[in-house]
Amino acid sequence: MKILLVSTNRNTLPMPVMPIGACIVADAAERSGHTVHLLDLMFTRDAMAELESAVMGFRPDVVGLSVRNIDNNDMRNTVFFLDDLRKIVDAIRTGTRAPIFLGGAALGVMPEEILRLADVSGCVAGDGETIFPLLLDRISRGGEIRDVPGVASIENGTFRRNPRPPWGFRTRVLHRTIIDG
């Protein structure tokens with residue numbers, strides 16, 4: 001399948017960040033046999049035009065949106081980033097009827113609220129590099145996503161979150177012993 005992954009983060013303060021999570025998920029999707037186009041909106045001048053161009057040119061079967069931040073954590077001058085998420089979803093829907101799934105750090109904080117705001121097919125609530133390929137496999141076979149481990153969705157107005165898979169990404173701690181001679 002053709003997968004369009006979009007890093008939606010455009011916040012450059014205190015410094016711009018690379019879309020490392022989206023890159024890891026893109027790699028996992030490619031390793032699972034999918035064709036992936038990754039679009040980073042960080043430095044685009046016209047994010048909506050870039051997005052619409054990517055959707056129309058690539059014609060994805062599934063769209064994944066990486067959502068990093070909810071707001072800027074500034075009490076004096078709060079900026080709510082999720083307003084742009086709804087605009088991004090709307091721009092995607094003008095060019096495709098492909099299912100849209102969310103993932104990223106913000107979904108670990110408030111998945112239900114973001115799903116309700118964005119009105120998308122669902123979200124990956126856990127290690128995207130493990131869960132997203134499972135989700136893509138299910139979609140490619142025409143199956144239901146309702147029992148895919150680590151996927152959350154809104155069904156008939158009710159938030160539903162499947163338990164994460166018992167396996168997943170685990171960091172290794174390397175121990176090194178230094179012996180002074």
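Reader: Let's start with α1 and α6. Is their crossing left-handed or right-handed?
Author: The crossing of α1 and α6 is right-handed. Keep in mind that this is a predicted model.

Reader: At what angle do α1 and α6 pack, and how far apart are their axes?
Author: The angle is about 40°, and the axes are 8 Å apart. Helix α1 covers residues 20–31, and helix α6 covers residues 128–140. The two helices are therefore oblique to each other.

Reader: Which residues of α1 and α6 meet?
Author: From α1, I24, V25, A28 and A29 take part. They meet G128, E129, F132, P133 and L136 in α6. By class, this contact of α1 with α6 has seven nonpolar residues, one polar and one charged.

Reader: New topic: α2 and α3. How do they pack?
Author: Helix α2, residues 47–58, packs with α3 at an angle of about 35°. Their axes are 9 Å apart. α2 passes α3 in a right-handed crossing.

Reader: And which residues make that contact?
Author: On α2, M48, L51, E52 and V55. On α3, K87, I88, A91 and I92. The contact of α2 with α3 has six nonpolar and two charged residues, but no polar ones.

Reader: How far is D83 from S53?
Author: Their C-alpha atoms are separated by 21 Å. Along the chain, D83 and S53 are 30 residues apart.

Reader: Now S7. Where is it found?
Author: S7 is in strand β1, which spans residues 2–7. With a relative accessible area of 5%, S7 is buried.

Reader: What does S7 touch?
Author: Leaving out residues up to four places away in sequence, S7 touches P19, L39, D40, L41 and S66.

Reader: Last one: α5. Which of its residues are buried?
Author: P111, I114, L115 and A118, in a helix that runs over residues 111–118. Seen down the axis of α5, the buried residues fall within an arc of 100°, so they line one face of the helix.

Methods
Residues numbered from 1 in each chain as written. Predicted model: local features only at pLDDT ≥ 70, side-chain atom pairs only at ≥ 80, totals over all residues. Heavy atoms only, no water. Buried < 20%, exposed > 50% of the residue type's maximum accessible area, 1.4 Å probe, protein only. Helix = DSSP H or I, 4+ residues; strand = E, 2+ residues; numbered from the N terminus. Arc of directions from axis to C-beta. Axes fitted to C-alpha atoms, helices over the stretch in contact; angles between N-to-C directions. Parallel < 35°, antiparallel > 145°, perpendicular 65-115°, else oblique. Left-handed = near helix turned anticlockwise from the far one by under 90°. Contact = heavy atoms within 4.5 Å. Nonpolar A, V, L, I, M, F, W, Y, C, P; charged D, E, K, R; others polar.
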